[in-house]
Structure formats: C-alpha cells, structure tokens
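Here is a short tour to read alongside the sequence and the 3D view. Please keep both open as you go.

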Amino acid sequence: MNGKSININLSTLALLSLGVFWLIFVSYPSCYWFYIIGEIEDYSQFSTTVNHLFQDTYLNHKIDEYFLSASHFQFVKAYYIPILIAFLILNLLSLALMVRLIKSCGKLSFKAPSLSRKELLTIGSLLLVWLAYKVFLYYHFPLHIDEVFDYVYYSKKDILIRHTYQFTDGIGWANNHVFYTDLSHLLLSLGFPDKLAIRLPSIVAELILLICIFSWLQKKGLVKALFSAILVATSFWAGIYSIQGRSYYLMALFSVVSYILFEEYRTSHKTSQLLLLSFISILAFCTNKLFIIPFTALILYALIQYRSFRKTDFRQILLASSLLAILVGLFYFPVCLVSGWDKIIPRSFTKEPLQPLVLYMETLETMSVITNANAKAYLILLLPFISYLFLRKKYTKETKRLHLFTGLQLFMVIIFSLIMRTYIPFRALIYLNVIFTLLIGFIIYDLSGSHKKLVLTTCIIIMAANTAFNFKYTWLHRINQYIYDKLFYAQIDRELEIVKKHEPQHIFIQRDLHFHLFYTMLEFPDKTEVYDQMPDVEAQDIIISSDSTSTLKILVDSPIEDALILQRE
C-alpha cells in the first residue's frame with residue numbers, strides 16, 4: 001500500500017514576512033543602544049546605565065573592568081552618525097537582498113516522502129524507541145554547571161542582555177550559545193519548566209536532524225535512510241550532547257543540514273535551496289561562533305565542486321553570501337556598539353600558544369568525541385581514509401563526496417587549532433561525530449553487498465552495544481570524581497535542601513564558588529546575591545563562603561569547592 005506525499009508551500013509573502021521578522025529581531029538591541037548612546041554624553045553615565053541593566057549578571061560590579069571601556073565609548077560617540085548610517089544601510093541592503101532572492105525562488109515547497117503503512121509503523125516504532133532513549137538520558141544526567149550558568153545568566157534575561165553581554169579575554173564563563181539561549185527563553189516564556197526549557201532545544205534539534213537525514217536519503221532507498229538515521233541516533237557522544245542545554249547539537253544540526261542543502265543545490269540549482277542554506281548558516285553563526293570551522297570547510301568543498309555550478313549560480317551564491325554576512329554582522333552589532341568587536345572573538349585567539357607537543361596530544365584526545373572511542377581515536381579516524389585508497393571503486397558518488405567533505409572538516413579543525421593556538425574543545429566537535437558517523441554508515445552500506453539487511457542490522461547492534469558499554473564503563477570511569485558524578489549532584493541537592501529548611505531572607509555567595517553560586521541562583525533566583533567582601537547579615541540570612549568567622553555557625557562543611565554554608569549564631 002503506497003502512502004500519500006504531503007506538500008507544504010510557503011509563498012513569497014510568507015518568506016518575506018519571516019525574513020523581515022528576523023531582521024527586526026536581530027536589529028532591535030542595536031536600535032536600543034543607538035538610542036542610549038545618543039542620549040548619554042559622558043562615559044560615567046553610560047557605565048551606570050549598563051551596570052543597572054546588567055546588575056544581576058555574573059560579573060556584577062566588575063562590568064567596567066571586563067566589558068566596557070571609556071575609549072571605545074568615546075570612539076562610538078565621535079563616529080555616532082557614520083556608524084548609525086552604516087547600520088541603516090546594512091538593514092536596507094539585507095532587506096533588498098532578501099526580496100531579490102525570495103522573488104527569484106518563488107514558492108518554497110517541502111515534500112514529505114511517500115511511505116506505506118508498514119513503513120510508517122516501522123518508523124513510528126523507531127521514534128518511540130528514540131523517545132524512550134531521550135527520556136532515559138534526560139533524567140539520568142543531572143544539569144551540568146554550564147547548562148545552569150547559561151540558563152541563569154542568559155536564557156532568563158531579556159534580549160538586550162542575551163545579544164549584548166559577552167565576555168572578553170580571561171573570563172571563562174562566556175556567552176557563546178546566543179541563539180540557543182533565545183530558544184530556551186522562548187520556551188520559558190511559554191511556561192515550560194526550567195529543566196525542560198534548558199534541554200528541549202537540543203532534543204528537538206536531534207529529532208529534526210534525524211528527519212532531515214532520513215528525508216535526504218529516502219530517495220536512495222528506505223534501507224539506507226533508516227540505517228544512516230539509526231546510526232546517528234545511537235552514536236554515544238551525539239546522544240550525550242543531544243540532551244545538553246547548550247548549542248553543540250544545534251551546531252551539529254546546522255552543519256549537516258548545510259551540507260545536505262549544498263548537495264541539493266549543486267544538482268537542482270534551485271535558488272530556494274541556496275536561500276535555505278544561507279538562512280541555516282545565519283542561524284548557526286548566531287548559535288555558536290565556532291561554526292566558522294565547519295562553514296569554512298563547506299566553502300572549501302564548494303570551491304572544489306565549482307564545475308557543478310552554472311554561470312548564473314555564481315551571482316546567486318554571491319547574493320546569498322552577502323545576505324549571510326550582513327545578517328550575521330547585524331546579529332553581533334550590539335556587542336560592537338557597547339564593548340567592541342574584540343569581545344566577539346573567542347578567548348583562545350589571544351591565549352599564549354601551546355607547545356607543539358601539548359597541542360598535538362590535546363588535539364588527539366579531543367578526537368575521541370568524533371569516533372566514540374576513548375583511546376587511539378586518531379587511528380580509527382584514519383580507517384575510512386585508508387579504506388578509500390583500496391576500495392573507492394566500490395563507493396558511490398555520494399560516499400566519495402561525503403568522504404571529501406569529512407576530510408576537509410578534519411583538516412579545518414587542525415588549521416583552526418593552529419590559528420587559535422589551542423585545541424578545539426571536544427564538546428565543540430559533536431558536529432564532526434555526526435558527520436563521521438554518517439560517513440561510516442555510507443561506507444558500510446556500499447560495501448555490504450547482497451547481504452545488506454544482515455550486515456546493516458549487525459552494525460546497528462554493534463553501535464548500540466558500544467554505546468551501552470561506554471555508558472556502563474568508559475563514561476562512569478570518566479565521571480568518577482568529576483562534575484557529572486551523581487554523588488556530586490546528590491551533595492549539591494542535599495545542601496540546597498538544608499538551605500531551604502532554614503527559610504533564609506537572603507543568600508550571600510562568594511563569587512568564585514561557581515557551583516554553589518549557579519545552582520543556588522537556579523533554585524533561589526530572588527534571594528541569591530553575590531559578594532566579593534563579607535557582607536553584614538541578618539539572623540535569617542545564609543552565607544556560602546570559603547572562610548568562616550567566629551560570629552557565624554557552620555551549617556554545612558561542603559566537600560564541593562571547600563565551601564562553608566554559614567548562618568548567624
């Protein structure tokens with residue numbers, strides 16, 4: 001029994017409305033700061049205004065030291081009119097480019113694959129298994145400190161803080177998940193509970209990614225589509241980060257989908273595919289600035305494939321690239337206005353360079369996240385490339401192109417490690433885990449011969465077993481005495497319960513006690529205050545400090561951060 005396909009059409013007006021909404025969304029913070037800077041004459045008044053807006057952020061009274069500078073304010077004031085004119089021109093230019101591209105692509109159509117009832121039941125059953133797996137991971141892993149930090153200091157704040165407040169060099173707690181915190185804020189505004197608002201964007205990102213992979217490969221056969229999607233879904237590290245309330249899986253979604261859209265555009269030459277690719281890349285850059293690595297690899301891949309383009313394609317690509325650059329620039333424009341463009345660049349660009357041997361060893365260690373292995377991972381990375389030398393004649397064109405794309409992605413990680421003079425954090429390479437898993441799936445499918453179902457089923461079982469093994473042994477060993485340890489979080493919960501029982505009016509926390517600070521802010525957002533010097537407290541107040549005094553009794557001597565939870569005698 002054949003199923004019916006579903007067509008979804010977005011008209012030119014609908015697409016333009018979405019584009020204008022996004023333009024207003026990214027431009028609003030800049031408009032606010034143009035108004036503030038235009039009204040204020042001196043730096044001290046500007047500093048007071050910014051400090052008032054960001055009064056409960058992590059830096060608190062140190063915003064002037066890390067976030068603002070008198071010289072930058074004076075520069076913006078001196079060139080206020082030219083900067084404002086440039087901002088308006090960029091908005092008008094982006095609007096013109098949107099109109100041009102949207103008019104040339106007409107209606108944007110999405111066609112769902114036609115499936116039989118048996119196929120729909122199979123897919124439905126697999127989705128239920130996937131959902132059960134996500135529920136297990138969701139409840140199995142406590143909220144990570146980075147998840148809590150981003151939520152407390154960004155997701156719960158308004159757009160002015162989320163889009164403007166970014167840290168400079170030397171501050172480890174950076175706002176590098178901007179669009180992700182926008183999504184979390186939206187969920188919170190819709191009434192979702194805290195933990196779900198923190199993690200749901202990542203979970204939905206994985207679901208969308210699996211749907212995109214399936215839809216892309218379904219025309220090559222249902223077996224290949226299902227096999228590839230299941231492999232990605234059972235990947236160990238991808239699974240871990242698919243429930244993390246940070247931008248890494250969202251970046252994986254955008255990285256893979258941008259490759260899919262490029263492949264579609266390369267063969268169809270449809271402007272709609274190029275427009276989607278441009279918008280996906282914009283979202284990715286607004287999600288995490290490290291998207292520059294997979295995006296650069298995609299550009300290199302496109303340059304190698306230049307013979308696939310027609311002459312008219314180059315003009316459309318130029319227009320789409322210009323739109324991408326302008327909208328990303330507008331997204332980060334508030335940071336440039338308030339504190340300078342250097343606050344956008346990752347900290348590691350200005351770090352002292354690592355020694356070559358240290359850089360080499362750290363880079364190899366981060367490779368484990370790509371392969372789902374924790375030792376000799378670089379050898380596993382070499383296997384598909386070695387096999388290419390001997391078996392490439394058996395590979396399809398799709399596999400060969402994905403081989404090239406994966407190789408370029410790995411190459412760019414090395415190049416950016418050298419440019420940044422430090423290794424790329426392993427969590428930022430989740431997108432490569434997905435791409436590498438897809439490549440392995442393509443290779444196995446091509447080499448499976450006449451026994452495809454048996455070979456592919458065996459591979460899925462092996463992948464699932466590897467994930468189970470990692471959960472039971474490797475992962476537990478890795479988190480022993482570490483911040484994912486359940487005993488660690490159980491201790492945090494016990495301490496928060498003790499604090500709650502004493503019904504404090506205020507909770508004062510020493511700034512550098514990060515775990516206590518962030519989790520107390522999550523649990524008691526209206527009562528928690530940060531201090532740098534021991535404050536005067538009332539009888540009902542709680543102090544969490546690394547030092548004790550004779551006037552305060554110790555409620556808890558915490559093994560976490562060697563903190564003391566204190567109250568007046």
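Is isoleucine 36 buried or exposed? Isoleucine 36 is buried, with a relative accessible area of 10%. Please bear in mind that this is a predicted model. You will find isoleucine 36 in helix H1, which covers residues 12-39. Leaving aside residues up to four places away in sequence, isoleucine 36 touches Phe46 and Thr49. From isoleucine 36 to phenylalanine 46 the C-alpha to C-alpha distance is 7.9 Å, and the two are ten residues apart in sequence.

**The chain as a whole**

Stepping back, the chain has 25 helices and seven strands. Of its 569 residues, 53% are buried. If you take contacts between residues at least 6 apart in sequence, 74% of them join residues at least 24 apart. The chain exposes about 26,800 Å², and carbon and sulfur atoms supply 64% of that area.

**Salt bridges**

How many salt bridges does a search of the whole structure find? The search finds nine salt bridges.

| Side chains | N to O distance |
|---|---|
| aspartate 146 and arginine 246 | 2.8 Å |
| aspartate 182 and arginine 162 | 2.6 Å |
| arginine 310 and aspartate 313 | 3.9 Å |

Let us begin with the salt bridge between aspartate 146 and arginine 246. Aspartate 146 belongs to helix H7 (residues 145-155), while arginine 246 sits in the loop between helix H12 (236-241) and helix H13 (248-268), so the pair ties together parts that are 100 residues apart in sequence. Aspartate 146 counts as buried at 18% relative accessibility, and arginine 246 is buried too, with a relative accessible area of 3%.

Next comes the salt bridge that joins the side chains of aspartate 182 and arginine 162. This pair links distant parts of the chain, with aspartate 182 in helix H9 (residues 178-189) and arginine 162 in helix H8 (residues 159-164), 20 residues apart. Aspartate 182 is buried, with a relative accessible area of 7%, and arginine 162 is buried with 4%.

The neighborhood of arginine 162 also includes threonine 181, which touches Asp150, Tyr154, Ser155 and Arg162 when residues up to four places away in sequence are not counted. Threonine 181 is in helix H9. With a relative accessible area of 1%, threonine 181 is buried.

Elsewhere, salt bridges link Glu263, Arg266 and Arg401 in a network.

**Surface patches**

Which residues form a positive surface patch? Arg392, Lys393, Lys397 and Lys400 form this patch. One of them, lysine 393, is found in the loop between helix H20 (377-391) and helix H21 (397-420). At 83% relative accessibility, lysine 393 counts as exposed.

There is a nonpolar surface patch as well, of about 530 Å², made by Leu379, Leu382, Ile386, Leu389 and Phe390. Leucine 382, in helix H20, counts as partly exposed at 43% relative accessibility.

**Two backbone angles to look at**

Most residues other than glycine have a negative phi. Against that background, which residue has a positive phi of about 60 degrees although it is not a glycine? The residue is histidine 269. Histidine 269 is found in the loop between H13 and helix H14 (271-287), and at 17% relative accessibility histidine 269 counts as buried.

Aspartate 562 also has a positive phi, near 55 degrees, and is a residue other than glycine. Look for aspartate 562 in the loop between strand E6 (552-557) and strand E7 (564-568). Is aspartate 562 buried or exposed? At 60% relative accessibility, aspartate 562 counts as exposed.

Definitions and conventions
Residues are numbered from 1 along each chain as its sequence is written. This is a predicted model: local features need pLDDT of at least 70, side-chain atom pairs count only at pLDDT 80 or more; totals for chains, interfaces and linings use all residues. Side-chain values use heavy atoms; hydrogens and water are left out. A salt bridge is a side-chain nitrogen of Lys or Arg within 4 Å of a carboxyl oxygen of Asp or Glu. Helices (H or I, at least four residues) and strands (E, at least two) are DSSP runs, numbered from the N terminus. Buried means under 20% relative accessible area, exposed over 50%, partly exposed in between (1.4 Å probe, protein chains only). Patches are made of residues with over 30% relative accessible area and no salt bridge: like charges are joined within 9 Å, nonpolar side chains (Val, Leu, Ile, Met, Phe, Trp, Tyr) within 5 Å. Accessible areas come from the Shrake-Rupley method with a 1.4 Å probe; for residues, only the protein chains shown count as cover. Lys and Arg count as positive and Asp and Glu as negative; His and the chain ends are not counted. The place of a charge is taken as NZ of Lys, CZ of Arg, CG of Asp or CD of Glu. Contact means heavy atoms within 4.5 Å.
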